[in-house]
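Take a moment with the model before reading on. Turn it slowly, and keep the sequence beside it.

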Amino acid sequence: MAEFSIQVNGKTHQVDVPEDMPLLWVLRDIIELRGTKFGCGAGLCGACTVHLDGSAIRSCSFPISGVGDSAITTIEGLSEKGDHPLQKAWVDFVVPQCGYCQTGQIMNAAALLLQNPTPSEGEVEQAMQGNLCRCGTYNRIKSAILSVAND
């Protein structure tokens with residue numbers, strides 16, 4: 001066990017956990033932020049995507065010891081009221097079906113728009129290809145992201 005001080009959604013948390021514990025388990029089981037989902041456990045599906053200093057990372061395969069002084073943002077921290085432009089677009093374009101992958105999809109899209117506020121359709125497709133949706137809502141996801149980028 002080791003003690004870590006981490007910044008999550010603007011708040012400091014002290015956690016005493018094994019240094020190889022995936023960030024996802026710290027977020028869900030220790031800090032009790034359950035918006036971030038467990039998908040594959042190997043960083044392949046993107047359901048667990050959060051931001052580390054604004055960049056999308058897979059929290060299921062990222063050890064707590066790698067966080068350091070970086071700021072973590074989860075879906076709960078994207079906007080206080082759940083009214084981030086992407087969240088609104090997700091509703092407008094009726095993106096979710098089962099909804100399981102959606103927090104990871106939104107977090108990955110938010111990271112894309114932070115780095116590239118006006119991506120092309122091809123850039124959206126490339127950036128989002130690591131986030132899997134078993135319901136197949138890819139076209140609606142792309143439309144929602146492009147609508148935010150074009151506003």
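What follows is a short walk through the strands, the cores, the cysteines and the salt bridges.

This is a predicted model, in which local features need pLDDT of at least 70, side-chain atom pairs count only at pLDDT 80 or more, and totals for chains, interfaces and linings use all residues. Residues are numbered from 1 along each chain as its sequence is written, and side-chain values use heavy atoms, with hydrogens and water left out.

Helices (H or I, at least four residues) and strands (E, at least two) are DSSP runs, numbered from the N terminus. Two strands pair if DSSP finds at least two bridges between them. Strand 3 (residues 49–52) pairs with strand 4 (residues 55–58) in the antiparallel sense, over 4 bridges. Val50 has Ile57 in strand 4 as its bridge partner. The hairpin has 2 residues between its strands, and Asp53 takes a positive phi near 55° there.

Now move to helix 1. The loop between strand 2 (11–17) and helix 1 (23–30) holds Asp20. Is Asp20 buried or exposed? Asp20 is exposed, at a relative accessible area of 60%. Here buried means under 20% relative accessible area, exposed over 50%, and partly exposed in between (1.4 Å probe, protein chains only). The C-alpha atom of Asp20 is separated by 24 Å from that of Asn108, 88 residues apart along the chain. Helix 1 itself has buried residues: Leu23, Leu24, Val26, Leu27 and Arg28. They pack against strand 1 (2–8), strand 2, strand 3, strand 4 and strand 5 (71–73). Just after helix 1, Glu32 takes a positive phi of about 65°.

Next come the cores. A nonpolar core is a set of buried Ala, Val, Leu, Ile, Met, Phe, Trp, Tyr and Cys residues joined through side-chain atoms within 4.5 Å. The largest has 20 residues, and Leu86, Trp90 and Ile145 touch the most other members. At least two residues of this core come from each of helix 2 (75–78), helix 3 (85–92), helix 4 (102–115), helix 5 (121–128) and helix 6 (138–149). Which residues does Ile145 contact, leaving aside its neighbours within four places in sequence? They are Leu86, Trp90, Ala109, Leu112, Leu113, Val124 and Met128. Contact means heavy atoms within 4.5 Å. A second, separate core has 18 residues, including Leu23, Ile31, Leu33 and Ile57. In soluble globular proteins, nonpolar side chains tend to be buried together.

For Cys98, the nearest cysteine sulfur is that of Cys135, 3.7 Å away. Cys98 is partly exposed, at 45% relative accessibility. Cys135 is also partly exposed, at 27%.

Finish with charge. A salt bridge is a side-chain nitrogen of Lys or Arg within 4 Å of a carboxyl oxygen of Asp or Glu. How many does a search of the whole structure find? It finds 2. In one, Glu121 meets Lys142, with the closest N and O atoms 3.0 Å apart. Glu121 lies in helix 5 and Lys142 in helix 6, so this pair ties together parts that are 21 residues apart in sequence. Glu125 also forms a salt bridge with Lys142, its closest N and O atoms being 2.7 Å apart. Lys142 is buried, at 16% relative accessible area, while Glu121 is partly exposed at 43% and Glu125 is partly exposed at 42%.

Technical notes:
A disulfide is a pair of cysteine sulfur atoms within 2.5 Å.
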